[in-house]
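I opened the model to look up how its strands pair and where its nonpolar residues gather. My notes follow in the order in which I looked.

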Amino acid sequence: MPSGILGSASLAAATHTTLYTVPTGRTATLVINACNRNATAVKLRLALAAGATPSASEWIEYDTELAPYGVLERSAIVLEAGKRVVAYASTANTGTASVGGVSMTGTLSVPPGSAMPLTVEFLTVGAGLEYKI
């Protein structure tokens with residue numbers, strides 16, 4: 001099960017950048033972080049999209065102003081296979097975005113011969129990782 005930083009990029013101006021695509025047969029639980037490395041504000045967009053160019057309904061942040069040296073974090077994002085995290089910044093050399101989390105798949109057998117989906121929630125607790133099923 002892949003975990004940790006799943007993708008990151010230094011964002012170019014006015015360009016859709018795919019940070020991560022959920023692999024076939026997997027589901028991903030993600031945290032998206034963006035930071036402004038400059039002394040001026042930048043407008044940031046984030047989308048959970050089916051393709052490289054998001055449609056209007058796929059944006060979860062749209063022209064959100066990121067203060068100088070500011071940070072934006074979105075957590076508890078769950079995506080199915082094939083979905084992408086796409087970022088866009090208004091200015092070059094100001095934004096860095098990264099996606100961290102876990103990508104997993106699985107089933108839990110319940111009485112013999114039957115199965116049900118398995119969902120595992122991971123929580124970072126101090127230096128360790130706590131999970132619950």
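I began with strand 4 (residues 42-49) and strand 7 (residues 84-89), which run antiparallel and are joined by six bridges; strands here are DSSP runs (E, at least two residues), numbered from the N terminus, and two strands pair if DSSP finds at least two bridges between them. In this pair I found Ala-47 opposite Val-86 of strand 7.

Before going on I noted that this is a predicted model, in which local features need pLDDT of at least 70 and side-chain atom pairs count only at pLDDT 80 or more, while totals for chains, interfaces and linings use all residues. Residues are numbered from 1 along each chain as its sequence is written, and side-chain values use heavy atoms, with hydrogens and water left out.

I then traced the open sheet, whose four strands have the order 2-7-4-5 with antiparallel pairing. Its edge strands are strand 2 and strand 5 (59-66), each of which pairs on one side only.

On strand 2 (residues 17-21) I looked up Thr-17, which is buried (under 20% relative accessible area, 1.4 Å probe, protein chains only), with a value of 15%. Leaving out residues up to four places away in sequence, I list Ala-9, Leu-11, Val-85, Val-86 and Ala-87 as touching Thr-17, contact being heavy atoms within 4.5 Å.

Last, I looked up the largest nonpolar core, a set of 23 residues in which Leu-11, Leu-19, Leu-30 and Val-85 have the most contacts; such a core consists of buried Ala, Val, Leu, Ile, Met, Phe, Trp, Tyr and Cys residues joined through side-chain atoms within 4.5 Å. Another core, of five residues, lies apart from it and includes Val-86.

How values were computed:
Buried means under 20% relative accessible area, exposed over 50%, partly exposed in between (1.4 Å probe, protein chains only).
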